[in-house]
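The model comes up below.

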Amino acid sequence: MNARKKLEELSGRNYTDDLKSFRIILDHICAATFLINDGAEPSNSDAGYVTRRLLRRAIRAGRKIGIQGSLAVDLAQVYMDEATPYEDLIANKKKVVEIINKEERLFRKTLQQGEIEIQKHIRNRGKVTGAEASYFYETYGFPLELTEEFLAENGYHIEEKESYEEAARKHAEMSRTASAGKFKGGLADKSEETTALHTAAHLLLAGLRQVLGSHVLQKGSNITAERLRFDFNHDEKLTPEQLAAVEKFVNDAIASKAAVSVAKLPKTEARERCQRQFLG
C-alpha cells in the first residue's frame, strides 16, 4: 500500500476530496521522515525546528480531514517500507518510528490542553490579544499559528496582534536575566548545608538516570544553604510515579548513611566510578 492509499484509509476520504490537506500531509511527513533519519530530530532550534514544524503542520492538516488518532507514524512506516531503495532508512526504521511516535503523542497533548485553555479564556474574556497568545505559547506550548487557526475555526481572531512580539520579547529578556543572575550556576558557599545539598545533587542525577534512562545529563545547577536547583535534559514532563521513584532513590541513599569521602580523580576515572556505583 502506498502513502496516498494509506492516508485515504486513515481519513475515510478520497485524495480529491481535499487536495491541499492531502498534499500537505504526504509531503510534510515524507520530508520529516528523511530529516529525522539524517539526524534532524524534532526540537525547538536549528534543523530540528523545521522537522517539528513539518510534522505538526501535517498533523493539523490531518485533523481537518477527520483524523484524530495516529497519522504521522502510520504514514512514516509506509515511506520506510522494505521496498524503499534507501538502505540506511530501513536500518534506522525502529528509531525513526519511535521519534515520530513520541513527537506525535506530545503534540496531540499540546493541542488538547491548549484548545481547552483557549476555550476557557474566550468564555471568560470574549477575545484573545497578541499578548495572551504569547502566554498560551509560553505556558502550554501552543504556537501562534495554531491559536490563529483555532480562533478562526470558532469565529474569532487575535486582537492587538502586535502585542504578541512585545510580550515574547519581554519573556525572553526575563529568561536571560534569570539565567545570568538568580540562577547563576555553582555553589553559593562552602558551608556544611550547601555541601550536603551538593552531594544530594549527585544522588538526584543518579536517580534521574536510573528512572528515566542514561540519556539524562546535568545541564546546570545552583546550590545554596537553603535550596537546590538542578537542570537536566528530558523531552517529556515527569509523571508523578517517576518523581516518586526518583525521590525514593535519593531518600534511600541518604537513609543508608553511607560514608562520604572527597577525592580528586581524572575525569574519565571519576565518570567510570560513578557509573559503577550509582548506575550499575
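Entry 1, L144. I began with the contacts of L144: setting aside neighbours within four places in sequence, L144 touches A133, I158, K161 and Y164, where contact means heavy atoms within 4.5 Å. I noted that this is a predicted model, in which local features need pLDDT of at least 70, side-chain atom pairs count only at pLDDT 80 or more, and totals for chains, interfaces and linings use all residues. Residues are numbered from 1 along each chain as its sequence is written, and side-chain values use heavy atoms, with hydrogens and water left out.

I placed L144 in helix 8 (residues 144-153); helices (H or I, at least four residues) and strands (E, at least two) are DSSP runs, numbered from the N terminus. L144 counts as buried because its relative accessibility is 17%; buried means under 20% relative accessible area, exposed over 50%, and partly exposed in between (1.4 Å probe, protein chains only). I also took the C-alpha separation of L144 and R4, which is 30 Å for residues 140 apart along the chain.

I found E115 in helix 6. With 18% relative accessibility, E115 is buried. Beyond its neighbours within four places in sequence, E115 is in contact with R63, F142 and F150.

I looked up three of them.

R52 pairs with E103, with the closest N and O atoms 2.8 Å apart. Are R52 and E103 buried or exposed? R52 is buried at 12% relative accessible area, and E103 is buried at 5%.

R125 and E132 form a salt bridge, 2.8 Å from N to O. Here R125 is partly exposed, at 48% relative accessible area, whereas E132 is buried at 13%.

R229 and D231 form a salt bridge with the closest N and O atoms 3.2 Å apart. I read R229 as partly exposed at 29% relative accessibility and D231 as partly exposed at 27%. Going on to shared partners, I found R52, R56 and E103 joined by salt bridges into one network.

How do the axes of helix 10 and helix 11 cross? The axes of helix 10 (residues 192-212) and helix 11 (residues 240-255) come within 9 Å and cross at roughly 135 degrees. Axes are lines fitted to C-alpha atoms, for helices over the stretch in contact, with angles from 0 to 180 degrees between N-to-C directions. Helix 10 is therefore oblique to helix 11; angles under 35 degrees count as roughly parallel, over 145 as roughly antiparallel, 65 to 115 as roughly perpendicular and the rest as oblique.

I then listed the residues: L203, L204, A206, G207, L208, Q210, V211 and L212 of helix 10 meet Q242, A245, V246, F249, V250, A253 and I254 of helix 11. By class, this contact of helix 10 with helix 11 has 12 nonpolar, 3 polar and no charged residues. Ala, Val, Leu, Ile, Met, Phe, Trp, Tyr, Cys and Pro count as nonpolar, Asp, Glu, Lys and Arg as charged, and the others, Gly among them, as polar.

Key: Salt bridge = Lys/Arg side-chain N within 4 Å of Asp/Glu carboxyl O.
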